[in-house]
Amino acid sequence: MVSRTERWMGLLEQEGRGALRLDNLIDLARAMRIDDLSALAGRRFTATALEVPEHPAVPEIRHALTHSLLAPAPDGQPYSPENLEYRIRHAWDAWHVSRTQNTQLGLLLPSLLRDTAALTRATTGAQRRKAYAIATRVYLIGQRFAYGVRALNLAVQFTDRTLLAAEMSDDARLMALAGWGSAMTSLTAQQPQEAEQTALAALRHVARPASVSDASVRGALLLFAAMGAAGNRRTADAWRHWEEAERVSKRIGRHIDVETMFSAVNVGIYSVAVNMECGRTFNAMSSAAHLDPREMPSSNRRATHFIDLARIYDKAGDREAARGAILDSVEASTETIAYNPDGRQLVAILARAGSASNDEIAHLADGLGLL
């Protein structure tokens, strides 16, 4: 069901009022089980703001992912596991701290993929399982990059590689992490039911967390399950998953997981996102009022949260607050907005509604190629 009044639906049928707003189209498509928005909007619908550009690093990363396994084994000894572990930590630091996190990973990933593949091909026995554990973590970074730049086909490739490598590693936590990455890919592909099912299936690998790290992965899976249920407007299930994640966050205290960013503050950020997905704008605003996003040590996560806030303010009719939230997102990360379809759409709307040619939003829209 679409959460709209009978009067709104009547105006839509008679006059088409509001039909070309993206959020309305998505609501209608979900209710009518339509995958292609052009079936609703026809040729009049233009998605310029949604046409996310390809990140310059995508071709090289795709090539490295594929050809690292097809090319002849390199001469000489592969890099040591310790060297690759250090580079993995550096890559995560780059993702979380940099305002140009996609570009930073784009510089690091190709060689990391090639060297990891060389290690898995050169090892045997117990060392081989360790090599595949490293490969799992590298592929997760690649999946994160693909998600960040909305390269869905590449994200699917990384998801498959992550699942296979995790299975080869024989590590339950890594299997759960691989499921978390797979659920992320499903959410990116607008497949909320698949995301929820995948996240819940992966929970069995961390059913009885043996460490804070295990518990963090469990909590992160529950948050994705909540987002999947919210995407299908199954509000009760969404909050049931969220509340279980909140209980996990209380058990782990101030710990923040490096790979998933699971923490108490991230659970709070997801309360905003779940409310928004369920169509509860004012509840989302209330949740946001109790948060300090500066406590989230991830530039991308902060930037994404501010985009969510901007969408909430726009739906509530507060354009000035929406503009401020968009600029806060850019302050957190200059790249997140460039590859976020919802953010691009809102920037285009706000820019057209502005009046001054030197307006910051107008400059942003121009820089994103939206004007």
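This is a predicted model: local features need pLDDT of at least 70, side-chain atom pairs count only at pLDDT 80 or more; totals for chains, interfaces and linings use all residues.
Beyond the helix comes Gly 369, a residue with a positive phi, near 75°.

Which residues of H18 are buried? They are Ile 361, Ala 362, Leu 364 and Ala 365, and because they cover an arc of only 160° around the axis, they lie on the same side of H18. The buried residues of H18 pack against H16 and H17, whereas the face turned away from the buried side carries the exposed residues Glu 360, Asp 366 and Gly 367.

## The protein as a whole

The protein is built with 18 helices and zero strands. It has 371 residues, of which 53% count as buried. Among the contacts with a separation of 6 or more, 67% are accounted for by residues 24 or more positions apart.

## Aromatic pairs

A pair of aromatic rings is described by the distance of the centres and the angle of the planes. When rings pair if their centres lie within 6.5 Å, the count comes to four aromatic pairs. One of them is formed by Tyr 139 and Phe 158, a tilted pair with 6.4 Å from centre to centre and 50° between the planes. Tyr 139 belongs to helix H7 (residues 125–148) and Phe 158 to helix H8 (residues 152–169), so this pair ties together parts that are 19 residues apart in sequence. Both Tyr 139 and Phe 158 are buried.

How is the pair of Trp 180 and Phe 224 arranged, stacked or tilted? The pair is stacked, with a centre-to-centre distance of 5.5 Å and 5° between the planes. Since Trp 180 lies in helix H9 (residues 172–188) and Phe 224 in helix H11 (residues 212–231), the pair ties together parts that are 44 residues apart in sequence. Trp 180 counts as buried at 4% relative accessibility, and Phe 224 is buried as well, with a relative accessible area of 5%. Trp 180 and Phe 224 are also linked by ring pairs with Tyr 270 into a cluster.

## Charges over rings

The ring of Tyr 270 has a further neighbour, as Arg 301 lies over its face at 4.7 Å from the ring centre. Elsewhere, the charged end of Arg 87 sits over the ring of Tyr 79, 5.1 Å from the centre of that ring.

## Salt bridges and their network

Side chains of opposite charge can pair when their charged atoms come close. The structure holds 15 salt bridges, including one between Arg 137 and Glu 259, whose closest N and O atoms are 3.3 Å apart. This pair links distant parts of the chain, with Arg 137 in helix H7 and Glu 259, 122 residues apart from it, in the loop between helix H12 (235–252) and helix H13 (264–277). Why does Arg 137 count as buried? Buried means under 20% relative accessible area, and Arg 137 counts as buried because its relative accessibility is 19%.

Another salt bridge joins the side chains of Arg 173 and Asp 257, at 3.5 Å from N to O. Arg 173 is in helix H9 and Asp 257 in the loop between H12 and H13, so that distant parts of the chain, 84 residues apart, are linked. Arg 173 counts as buried at 17% relative accessibility, and Asp 257 is buried with a relative accessible area of 4%.

Salt bridges that share partners, for their part, join Glu 85, Arg 137, Arg 173, Asp 257 and Glu 259 into one network.

Key:
Residues are numbered from 1 along each chain as its sequence is written. Side-chain values use heavy atoms; hydrogens and water are left out. Rings of Phe, Tyr and Trp (its six-membered ring) pair if their centres lie within 6.5 Å; planes under 30 degrees apart count as stacked, over 60 as edge-to-face and the rest as tilted. Helices (H or I, at least four residues) and strands (E, at least two) are DSSP runs, numbered from the N terminus. Buried means under 20% relative accessible area, exposed over 50%, partly exposed in between (1.4 Å probe, protein chains only). A charge sits over a ring if NZ of Lys or CZ of Arg is within 6 Å of the ring centre and within 35 degrees of the ring normal. A salt bridge is a side-chain nitrogen of Lys or Arg within 4 Å of a carboxyl oxygen of Asp or Glu. The arc is that of the directions from the helix axis to the C-beta atoms. Contact means heavy atoms within 4.5 Å.
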